[in-house]
Amino acid sequence: ELVFHLSEEEGGAEFCLPLSPPRGVAGHCAARNISINIADAASDNRFDRSTDLRTGQHTRSLLAVPIPDIDRLTGLPVHGAVVGVMEVMNKRSGVFSDDDERLLRGLCCQL
């Protein structure tokens with residue numbers, strides 16, 4: 001299940017969407033354990049427009065990063081194991097950069 005919150009500027013509402021089978025950008029990110037950076041969501045076939053229709057939002061750009069499963073004894077990621085996806089959308093200016101991706105990956109490793 002995908003659980004997400006709109007920003008405070010967008011009303012802060014929480015939404016839950018089923019992810020079975022894995023679909024959309026978050027589903028692809030989790031299933032393949034890869035980061036996905038999309039500059040134009042409308043032109044990418046992995047983007048699931050139903051979320052925008054349901055929330056009333058318009059996704060322009062997005063960055064999705066897998067949240068790794070961390071071994072609590074060693075503090076190291078469990079090879080290939082993903083417990084979730086962190087996704088950010090609609091950068092205020094321009095598109096998400098490699099620096100943005102590194103920052104988000106770092107945050108995901110702390111969860």
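**Surface, fold and core**

Guide: The accessible surface of the protein comes to about 7,200 Å², and 53% of that area belongs to carbon and sulfur atoms. Accessible areas come from the Shrake-Rupley method with a 1.4 Å probe, and for residues only the protein chains shown count as cover. This is a predicted model, in which local features need pLDDT of at least 70 and side-chain atom pairs count only at pLDDT 80 or more, while totals for chains, interfaces and linings use all residues. Residues are numbered from 1 along each chain as its sequence is written, and side-chain values use heavy atoms, with hydrogens and water left out.

Visitor: Which pattern does the protein follow along the sequence?

Guide: Helices (H or I, at least four residues) and strands (E, at least two) are DSSP runs, numbered from the N terminus. Here there are three helices and five strands, arranged in the order β-β-α-β-α-β-β-α. The radius of gyration is 14 Å, close to the 13 Å from the globule rule for 111 residues, so the protein is as compact as a globular protein of that length. That radius is taken over C-alpha atoms, and the rule is 2.2 Å times the number of residues to the power 0.38. Along its principal axes the C-alpha trace spans about 45 × 30 × 30 Å.

Visitor: What share of the 111 residues is buried?

Guide: Buried means under 20% relative accessible area, exposed over 50%, and partly exposed in between (1.4 Å probe, protein chains only). By that criterion, 31% of the 111 residues are buried. R23, in the loop between β2 (14–17) and α1, is partly exposed because its relative accessible area is 42%.

Visitor: Which residues make up the largest nonpolar core?

Guide: A nonpolar core is a set of buried Ala, Val, Leu, Ile, Met, Phe, Trp, Tyr and Cys residues joined through side-chain atoms within 4.5 Å. The largest one holds eight residues: V25, C29, I36, I38, A41, F47, L62 and A64. Helix α1 (24–32) and strands β3 (36–38) and β4 each supply at least two residues of this core. Apart from it lies another core of six residues, including L63, V65, I67 and L104.

Visitor: Where does L63 lie, and which residues does L63 touch?

Guide: L63 belongs to strand β4 (residues 62–70) and is buried, at 1% relative accessible area. A contact means heavy atoms within 4.5 Å. Leaving aside residues up to four places away in sequence, L63 touches I36, N37, M86, E87, V88, F96, D100, E101 and L104. Across the protein, residues 24 or more positions apart account for 48% of the contacts with a separation of 6 or more.

Visitor: How many disulfides are counted?

Guide: A disulfide is a pair of cysteine sulfur atoms within 2.5 Å. The count is zero. For C29, the nearest cysteine sulfur, in C108, is 8.1 Å away. For C108, the closest is that of C109 at 7.0 Å, which is too far for a bond. Both C29 and C108 are buried, each at 0% relative accessibility.

Visitor: What does the side chain of T55 reach?

Guide: A polar contact is a pair of N or O atoms within 3.5 Å; within protein, one must be able to donate a hydrogen and the other to accept it, and residues adjacent in sequence count only if both atoms are side-chain atoms. The side chain of T55 reaches the backbone nitrogen of Q57 at 3.3 Å. T55 is part of helix α2 (residues 49–55) and is buried, at 14% relative accessibility.
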